[in-house]
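Work through the exercises below with the model open beside you. Try each task before reading its solution.

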Amino acid sequence: MKVAVIQLPGSNCDQDALFSLRNDLKVDAEYVWHDQHDLTGFDAVFVPGGFSYGDYLRCGAMAARSPIMESVRQFAEEGKLVLGVCNGFQILCELGLLPGALILNAGQKFICQDVYLKAENRTSPWTRSAEGVLRIPIAHGEGRFVADPETIQQLEANQQIAFRYVNQQGLLNQEANVNGSMGAIAGVLNQAGNVLGLMPHPERATNPIFGYQDGLKILGALNPCLASKESLEPALAH
Amino acid sequence: MPLVRVFVTLKPSLLDSAGKAVSDSLLKLGYQEVEKVRIGKVIELQLESYDEARVKQMCSQILANPVIEDFKVEVQK
């Protein structure tokens, strides 16, 4: 498994992603600069967080029109794994690979804290190992997921809602939905299930040094043998 | 040379949380007549020539996101 970590001007979670993939997921990972076109030899794409193009115009708007993202679109249409985290999620929505959009948090503030997530759909590669309640950090100002009511209905019907914000017990409530997202949606899948966008940062929860490793239950899609290793189970329990 | 102004605003169905914050501030300053505030942006385009279809294409392709925003075009020839 070789993962392309896309670097855009203003990406700032690219190094976290590369470290997590190489060190904790034990997969090959290389940076790919935004003005490149070629994804030959890669099996998966990670679009990391940050403030690409300074968030000018709209978060992810200009990044979605950069040369590499057209290749990412084709890559995704071939059914290969694509993950967008935080700004990466915003970019995949702007690109039209994922439905909806992410706008200013309902409380207007930038939120940097741990959240609890629950996987809704357990059939996609990204959510297959996401058992129970996951503790993952967020850090965003514009993470409120919105879409028109018909789109939300379609997402529900097609099982495209990957994760929702819940409380520690795994229950939905207003307090747990930290940014005011519609349906407390934290992550969505494309219809085929190979593309995932999510606001929380699984790459910041893969190493024992952080105190929790629930990110492995999502990123484990990139290294299934590691995700299913029983030796990981004690570390994952908290 | 035509000057085009594109007004981009959040769709009315969406909560404009920045607009809400400004509205609260205006009320605190005593402007009780304020019922609602919506914030958008103005994009000025200086063009060599104006073609309505092309400007609309610019708006829907990048200047506005049709999922969350509406746009209005004003031309000064």
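The exercises cover cysteines, cores, the chain interface and selected residues.

This is a predicted model, in which local features need pLDDT of at least 70, side-chain atom pairs count only at pLDDT 80 or more, and totals for chains, interfaces and linings use all residues. Residues are numbered from 1 along each chain as its sequence is written, chains are lettered from A and ligands numbered from 1 in the order in which they are written, and side-chain values use heavy atoms, with hydrogens and water left out.

**Exercise 1. Cysteines**

Solution. 
- Step 1. Compare accessibility. Buried means under 20% relative accessible area, exposed over 50%, and partly exposed in between (1.4 Å probe, protein chains only). Cys86(A) has 6%, so it counts as buried. Cys112(A) has 60%, so it is exposed.

**Exercise 2. Cores**

Task: which residues touch the most other members of the largest nonpolar core?

Solution. 
- Step 1. Define the set: a nonpolar core joins buried Ala, Val, Leu, Ile, Met, Phe, Trp, Tyr and Cys residues through side-chain atoms within 4.5 Å.
- Step 2. Search the largest core, of 71 residues. Ile6(A) and Phe163(A) touch the most other members.
- Step 3. Note the other core, which lies apart from it. That one has 10 residues, among them Leu45(B) and Val55(B).
- Step 4. List contacts of Ile6(A) (heavy atoms within 4.5 Å). Beyond four places in sequence, they include Val32(A), Leu39(A), Phe46(A) and Ile68(A).

**Exercise 3. The interface**

Task: describe how chain B meets chain A.

Solution. 
- Step 1. Count residues: 16 of chain B are in contact with 16 of chain A.
- Step 2. Take the buried area, the accessible area (1.4 Å probe) that two parts lose on being put together, summed over both. The two chains bury about 1,200 Å², 61% of it on carbon and sulfur atoms.
- Step 3. Look for salt bridges (a side-chain nitrogen of Lys or Arg within 4 Å of a carboxyl oxygen of Asp or Glu). The rule finds one across the interface. Glu69(B) and Arg58(A) form a salt bridge, N to O at 3.5 Å.
- Step 4. Locate the elements, which are DSSP runs numbered from the N terminus: helices (H or I, at least four residues) and strands (E, at least two). On chain B, helix 1 (17-28), strand 2 (40-46) and helix 2 (52-63) each supply at least two residues of the side that touches chain A.

Methods
Contact = heavy atoms within 4.5 Å.
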